[in-house]
Amino acid sequence: MEKLFGDFSFGLFFWQILLFLLFLGLLRKFAWKPILGAVNEREKSIEDALNEAKKAREEMALLKSENDKILKEAKIERDAILKEAREAKDSIIAQAKETAQSAADRLVENAKIAINNEKAAAMTDLKNQVAQLSIDVAEKVLKKELSDKSAQEALAKEIINEAKLN
């Protein structure tokens with residue numbers, strides 16, 4: 001029975017199967033457990049690394065969204081500060097123009113008052129000078145014309161008559 005199928009030897013086949021099973025048993029006991037443990041450990045470390053990478057990607061996305069949010073808030077705050085600065089600048093310029101205009105108006109008004117005062121003083125002085133000159137001329141004319149007593153009396157009567165009429 002050893003040679004049932006031509007060159008096929010059942011005994012050799014049996015020993016090969018037995019050795020193969022024995023070799024499998026030895027491999028299972030001594031090699032497969034460490035190999036499978038190493039493979040499982042490697043698989044777990046790869047899975048952990050993938051989970052960590054996924055977690056890191058999620059954290060990066062979260063940080064990016066927070067960064068974008070902070071950047072938007074900073075831009076809004078910057079725009080508000082610039083707007084406030086422009087408004088302050090415009091307000092200061094308007095206030096300065098208003099102050100300068102009021103100061104210029106005050107100067108013009110003071111100049112007009114000073115001119116009017118000087119004009120009034122000049123007119124008063126001119127009137128005084130004209131009056132003094134008129135008095136001096138009248139005095140000289142009267143001295144000459146009223147050198148006699150009868151002419152003085154006639155002039156006095158004439159002045160009294162004119163004063164009553166006015």
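A search of the whole structure finds 1 aromatic pair. Phe-14 and Trp-15 form this pair in an edge-to-face arrangement, with 5.6 Å from centre to centre and 70° between the planes. A pair of aromatic rings is described by the distance of the centres and the angle of the planes. Rings of Phe, Tyr and Trp (its six-membered ring) are paired here if their centres lie within 6.5 Å; planes under 30 degrees apart count as stacked, over 60 as edge-to-face, and the rest as tilted. The model is predicted, so local features need pLDDT of at least 70 and side-chain atom pairs count only at pLDDT 80 or more, while totals for chains, interfaces and linings use all residues. Residues are numbered from 1 along each chain as its sequence is written, and side-chain values use heavy atoms, with hydrogens and water left out.

Of the two ring residues, Phe-14 is partly exposed at a relative accessible area of 44%, and Trp-15 is exposed at 51%. These classes follow cut-offs on relative accessible area: buried is under 20%, exposed is over 50%, and partly exposed is in between (1.4 Å probe, protein chains only).

Phe-14 and Trp-15 also belong to a nonpolar surface patch, together with Phe-10, Phe-13, Ile-17, Leu-18, Phe-20 and Leu-21. The accessible area of the patch is about 820 Å². A patch is made of residues with over 30% relative accessible area and no salt bridge, where nonpolar side chains (Val, Leu, Ile, Met, Phe, Trp, Tyr) are joined within 5 Å and like charges within 9 Å.

The protein as a whole has 2 helices and 0 strands. Both kinds of element are DSSP runs numbered from the N terminus, with helices (H or I) of at least four residues and strands (E) of at least two. Buried residues make up 1% of the 166 residues. The accessible surface comes to about 15500 Å², and carbon and sulfur atoms account for 63% of this area. Accessible areas come from the Shrake-Rupley method with a 1.4 Å probe, and for residues only the protein chains shown count as cover.

The charged side chains form 4 salt bridges, each defined as a side-chain nitrogen of Lys or Arg within 4 Å of a carboxyl oxygen of Asp or Glu. In one of them, Lys-44 meets Asp-48 at 3.4 Å, N to O. Lys-44 and Asp-48 are separated by about one helical turn because they are 4 residues apart in helix H1. Lys-44 is exposed at 52% relative accessibility, whereas Asp-48 is partly exposed at 35%.

Another salt bridge joins Lys-64 to Asp-68, at 3.6 Å from N to O. Lys-64 and Asp-68 lie in helix H1 as well, 4 residues or about one turn apart. Lys-64 is exposed at 53%, and Asp-68 is partly exposed at 34%.

A further salt bridge links Arg-78 and Asp-79, whose closest N and O atoms are 3.0 Å apart. Arg-78 is partly exposed at 45% relative accessible area, and Asp-79 is partly exposed at 41%.
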